[in-house]
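Welcome, and please have your viewer ready. We will take a short walk from strand to strand, with a stop at each pairing.

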Amino acid sequence: MALVAASSLVASCSSGGGGGGGGGGAAAAPPPTIAPANGTQQVAPDQPVVVKAAKGKLTDVTVADAKGRKAEGKLSPDGKSWQTSWGLAPGATYTVTAHGGDGGRQTTATSTFTTLAAEQKLESGLAPLDGEAVGVGVPIQLLLGDDVTTKAGKQAVERSLELRTSTPITGAWYWISDREVDFRPQAYWPSGTKVKLVAHLSGVKAGDGLYGTKDRTLSFTVGAKHYTRINARTHEAKVYSGDKPVRTMPVSLGRPGDDSYTGVMIAQEKDAHIIMDSATTGAPGAYRIPTDWNVRLTYSGTFVHAAPWSTGAQGNSNVSHGCVNASPSDARWFFNFTDRGDIIEVTGTTRKLRFGNGPTPWAKSWTSWLQGSALGQPVTTAPLS
């Protein structure tokens, strides 16, 4: 089918009848050529629409679906060709209208074609939340509804991700799993950066018969740099805003056998009141305690939270089940101070943070992170428009 379609693209085009030649009986300008050709069916959604001027230059090209939604595209510097920038929606009908000219003679060509329907639809979601203000350590997470198992599929997904920022950023995408790819800068996000991601997933071929059917857009702002250093040996948490220390809190970390994780984590979520239940860690019945002012650090259940029962140990010994215990007043202050994505670094324990136990982009070096990209190269963001 692909070979038949390819040959038909070279062989034919459709003119909309807009010859419009010069006076004195001069021949009409030849119309632009369009691929896919008029009437083509089952066009692969990731196949680009290509328009070429037969003579002269193109003056205008539009590609629109039946609802009038236009596909993005770019005109070549010499004005002789035009091509779509991203994939097309599966199972849709598109009409191409191309105008060209040569020496005052104008011409028009049109082509209507239908794209292949997706056998499976690739659903997706994004984090952080649209419009959210986040900390300097937050990654961008693209979560997928199906496994993308091939390198070609992963590369297609990465190519569809258009990242724009108010300050130029160099970073990279990393495949956490076959269903999640994350972006982090080489260093932390600069405070005040405005970020916009457009995931042009519609038409992306992620596997056999598996296509994206919907684009996604995400915008967020990076807030002040908050950095907290927690030392299990000194039993202190030092909190910084920018490079300025703003609070030192006595804390108690995990007791022997329940050691806290050492590593660079981020504040993942906040909840003012929850119940800590050991059943969620595989030890039902060990404890079930209501806690206040909770800031999550790992998927496995590490939090900074208020622990009025351990204030006597805070600042001098480690007695928790792995969380970071603080006094109610310190925990409440920290809860209100902290944004999702703030950096929280724990040192002084023998238990190393496992990559993937939460959004953990800073658990890997930049070199290691770059190796997780299917394209194997860094991304430099485009200007925010």
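Before moving on, a word on what you are viewing. This is a predicted model, in which local features need pLDDT of at least 70 and side-chain atom pairs count only at pLDDT 80 or more, while totals for chains, interfaces and linings use all residues. Residues are numbered from 1 along each chain as its sequence is written, and side-chain values use heavy atoms, with hydrogens and water left out.

Now colour by pLDDT, the predictor's confidence in each residue, from 0 to 100. The chain averages 92, and 92% of its residues reach 70 or more. Over residues 1-25, however, the pLDDT is below 50; this stretch has 36 contacts in the model beyond near neighbours in sequence (contact means heavy atoms within 4.5 Å).

Next select residues 180-185, strand β14, which pairs antiparallel with β13 over 6 bridges. A hairpin of 2 residues links β13 to β14. Pick out alanine 172 and its bridge partner in β14, arginine 184.

Then show the whole open sheet: 5 strands in the order β9-β11-β14-β13-β29, with antiparallel pairing. Because β9 (124-127) and β29 stand at the edges with a single partner strand each, one side of each is left without a neighbour in the sheet.

Finish at β9, which 4 bridges join to the antiparallel strand β11, residues 140-144. There, glycine 125 has leucine 143 in β11 as its bridge partner.

Note on methods:
Pairing = 2+ DSSP bridges.
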